[in-house]
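Let's explore this structure together, one question at a time. Take a moment to look around before reading on.

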Amino acid sequence: MSVLETSVGVALADPSAVTAVEATGTSALAWLVIALPLLGAALLLVGGRVTDTFGPLLATALSWGSFVLGALIVVQLYGRAAEDRSMSVQLWDWVSAGELSVHAGLLVDPLSMAFVLLITFVGSLIHVYSLGYMANDPDKRRFFAYLNLFVAAMLILVLADSYLVLFVGWEGVGLASYLLIGFWNHNPAYASAANKAFVVNRIGDFALIIAMAYMLATFGALDFATVHGSAGSATQTTLTIIGLLLLAGACGKSAQFPLQSWLGDAMAGPTPVSALIHAATMVTAGVYLVARSQAIYDLTPDARLAVAVVGAITLLYGAIVGCAKDDIKKALAASTMSQIGYMMLAVGLGPIGYIYAIFHLITHGFFKAGMFLGAGSVMHAMNDRVDMRRFGALSREVKITWITFGAGWLAIIGFPFTAGWFSKDHIIESAFSAPGWQGWVFGLVALLGAGITAFYMSRLFFMTFHGKARWEDDIHPHESPLTMTIPMMVLAVGSLVLGAVLYPTGLLSGWLEPVFGHAEGHESLLPLIAIQVSVFVLMVLGVGLAWLRYGRDEVPQVAPEASFATRAARQDLFQDEFNEQFLRRPGAALVVGLETADKDVVDNAMVGGTSRGLASLANVVRQAQNGFVRSYALTMLAGIVAILGAVWVIQ
Amino acid sequence: MSDMPWLTILLALPALGALALVLMPRGFARSRELALGVSLVTLVLALFVAVEFIVGNGHIQLQETYSWIPQFGVSFALGVDGIALSMILLSVILVPICLVAAWDDVPADGTRRQQGYVAWILLLEAMMIGVFAATDIFLFYVFFEAMLVPVYFLIGQYGGPERARAATTFLLYSLLGGLIMLVAVIGLYVAGPGGGDGFLLENLTGLEIGGVTEKLLFLGFFIAFAIKAPMFPVHTWLPQAATEARPSTAVLLVGVLDKVGTFGMLRYCLQLFPEASQWATPMVLVLAVISIIYGALLAIGQKDMMRLIAFTSISHFGFIVLGIFAMTTISQTGSTLYMVNHGFTTAALFLIAGMLIARRGSRNIADYGGWQRVTPLIAGTLLVSGLSGLALPGLNAFVSEFMVIIGTFQRYPAAAVLGATGVILAALYILLWYQKIATGPAPENLSSTTRDMTVREKFVVAPLVAAFLVLGFYPKPVIEMLEPAVTTTLQHVGVTDPASATSADGSEG
């Protein structure tokens, strides 16, 4: 199994020492990568109904344009020496006052460009898919405007050269996500889901703002170059705090424990949105943030450990929830959480994990987006039903969907030589090579997670495509149009071969090495082959168990009464109940109480007393206005005397 | 050109416009056009003034000083620094927008009612220019009090059903603050050099009064400004006034007039009483943080949308005061920029809410729902304005709010972190409000004549949204105007920015 051997290379002394030179050639046009979809969003939103006819096509074309330009930049970078692949594009002086000086600038380097390619390629495919999926929606133009807005914001996020510019993209994707989750907000539940996503994300954003405040107070700057370059001169405590704050930000965006509760509800958005934003790209931004901040995390093992712990908890959390969900999209959402947990775990392992985290992020972007699109195609066939208990036996009816979904399924369960096998196995191996007790804990968690993943994904696959047909009466399944199936086919091919193309060839590790350097891990706790065999055995067990229960056996059309554990998993381990009980209700009570207090205590007792006092004073004064000219004259005289007296005193 | 008494002309123009409106015969049919014309000429003139102004100079420019009542030491003295000029520009931009928004507020009914309405607005504009441009403390006081008159009548005569109570509360509160300030103004004169121009700001700066006297004088000014701003716990007049006022009046009241409070803290409290300012800082920071959180929490609970906007403003004023008293270049520049941004954001929120109210006839949020399907453009621009209110990056308020938070953090990390929770609460009050107004199934009980945004209303909203974007992506020209004045202020107070930990000594404190 030589393809899995950790490659040996010469380590760059210090990856953060790579300084960006001013961009030349195609790279200088990196701003255009962002500007194209941004222009599309602006045109479609401001243009109004005039753009109804050509708007969606224009948005799709602009997204592809972005991809082509991104690819050309990658070609240019590839032609340069490995250590010269980091270039900066300075745009304009954005915020400067006192010590703060932030330019709107872009950083074109192998890491950001890897993301650019993923975002624009998968994003453009999903634009194409949406042409079919949203064909009959009256608000199609607005949908494509938001999609373009999302792509632009996501590109700002990954191309930013400072934390502040990153934050623009960070909240920008949050906005796009909010708009798209609530796209069908005539349904009040969907509108609430959109709000929930934004507000939970804001908790993470709050942490990110404080992280930036801490950085400015510590380093006097917010750009990556300065912050990362001088990270070594800050104290351990400072770095740990910044690391933890960045992690909190990442938890919000990437739906990691304890800020995971919004992702399941986010499935209210149209399915292409779930594929693009809530599976392939936006939710991985947290992983990007940690990987980008490696210079900080490398120096603070405590914060890194926290990242790994969060990843480990979430990967199990998501996997457990995924086992019990009957809604196909919510099951996929739980799986997304879990897979991002793997990536978080990997970046939390430090230098040995960065490349594998990004690797898994890319392969996951393909196979998870593919499966979401497949789920959309199934819903298309089933009149927008999502309950898998009423699916079954669809493999013959929607053959292309079945095959392409199957490719994604094989990849996510880690079937040998598929894309997911390469990337996930590496994370599990890296986890076992973490020092001390961590190796055992993280390694076993990752291993266990792989087995559960195989079970719940197979459950999903068998319940949907195999077994007996449990359709409702009015259902007549039909395959989706080519605009939808072609993107699914492309992603399916990627799910199968991308790992083999990127990894054994050294393409990906060579590409990312200038950013992450090269790290040799500790000796693994178990021999490689033992880990690989265990992963394989667990996968077979998971698939087998799922086949027995959901392929061979009859699946009840209504979820049966179940044990406490199953009910807990169905209800996302009571996350919403917890939030309701300990956050929302006390919060609502506080708001109501304050409103009363503001009227009764502040207005009436504290300051209202003054205004009432003034009013009664006014009554006294009113009595002085008695209508007698002589008393007015007396008052005037007194006043003049007082003024003259004052003048006399002053002079 | 530079010898021209620019500021006096600028001040006189809307005042004369108001006078002309009053002199017009009863039932004059073109009073709105006349008022709009005058306000637009004022705007153009203000832009000329801005061109005359030398950016990068933090001192007071375009000064004019005329002896007024030398027996009392009072001069008619005008002049602007970057902060004052930015406030004047904000005022003259918002007035024509408000006039267009208020076009149908008061119908021409053959009486003087409509004439009076727009004349009061023009007179208010003149007062606003005066209060920001005054460089004589007594003159400032005169404008500070005289401003109340047009607002009192705009609320009391043209407001909603509870207008009388709201106008009276507003007036009493403000007069109380004004009286306390008057005592402090006279006290300051006594402490100063006196003489025929003894109230001039330049003669009263750097007095080093010290001791209890300085603290008392500081409090005299500060209480008046805190009421005006308004800060917790002297904020209760604002929701009442904003609710009963017409949307345009509410914009000028909350968007501009209230800024006199924070402007006064910067110009008068900090510069005249540096020692007392530092003495009071801990208490002020506590009140500012309370204002941020308290205002936001109350905004979440509001059922009336005008009240809701008023409470968001109390929260935002908390940020502004926080930044002012954190006394770093970044935080104060952020605060002054926030004063500009908040003007545009609040204007958009009040005016768009006003458009909804004009259609539905109710301020009650629960009476709406599904309006994205009735008036998509109004709903959409309401969302954009709301996003500006919750400080979304790319829109105006973000830059200033962020600067306040990180600038405050440099010196008072705890206050900055507590204040920053306002970021989360803002998402709640804006999005819950928008959800109740715009989302959900289309309302059934509406008459089919409910129209989306009219052309006139588009002229109201477009410049505001443009301001969001320009100030969000390219705030540099405004920051360059503000920062030198902030630096000068900080020099008067005698504080320097804290150095970052690693650049100072390689370890953090």
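Q: How far apart do the C-alpha centres of domain 1 of chain A and domain 2 of chain A lie?
A: In this predicted model, the domain assignment of chain A gives domain 1 as 14-570 and domain 2 as 571-611. The contact takes seven residues from domain 2 of chain A and 10 residues from domain 1 of chain A. As for their C-alpha centres, the distance between them is 37 Å.

Q: Which helix supplies the largest share of the side of domain 1 of chain A that touches domain 2 of chain A?
A: Two helices of chain A, H13 (301-324) and H22 (564-570), each supply at least two residues of that side. The residues of this side divide into five nonpolar, three polar and two charged. The largest share, four residues, comes from H22(A).

Q: In S2(A), which residue is the bridge partner of Glu22(A)?
A: Let's start with the open sheet of chain A, where three strands come in the order S1-S2-S3 with mixed pairing. Strand S1 (21-22) and strand S3 (100-108) of chain A are the edge strands, each pairing on one side only. S1(A) and strand S2 (residues 87-97) of chain A run parallel and are joined by two bridges. In S2(A), the partner of Glu22(A) is Ser88(A).

Q: Over which residues of chain B is the pLDDT below 50?
A: Chain B has a mean pLDDT of 90, and 98% of its residues reach 70 or more. One stretch with pLDDT below 50 has 10 contacts in the model beyond near neighbours in sequence. Where pLDDT is low, the predicted coordinates should not be read in detail. In chain B, that stretch is residues 504-509.

Notes
Residues numbered from 1 in each chain as written. Chains lettered and ligands numbered in written order. Predicted model: local features only at pLDDT ≥ 70, side-chain atom pairs only at ≥ 80, totals over all residues. pLDDT = per-residue confidence, 0-100. Contact = placed C-beta atoms within 7 Å. Domains from an automatic or database assignment. Nonpolar A, V, L, I, M, F, W, Y, C, P; charged D, E, K, R; others polar. Pairing = 2+ DSSP bridges.
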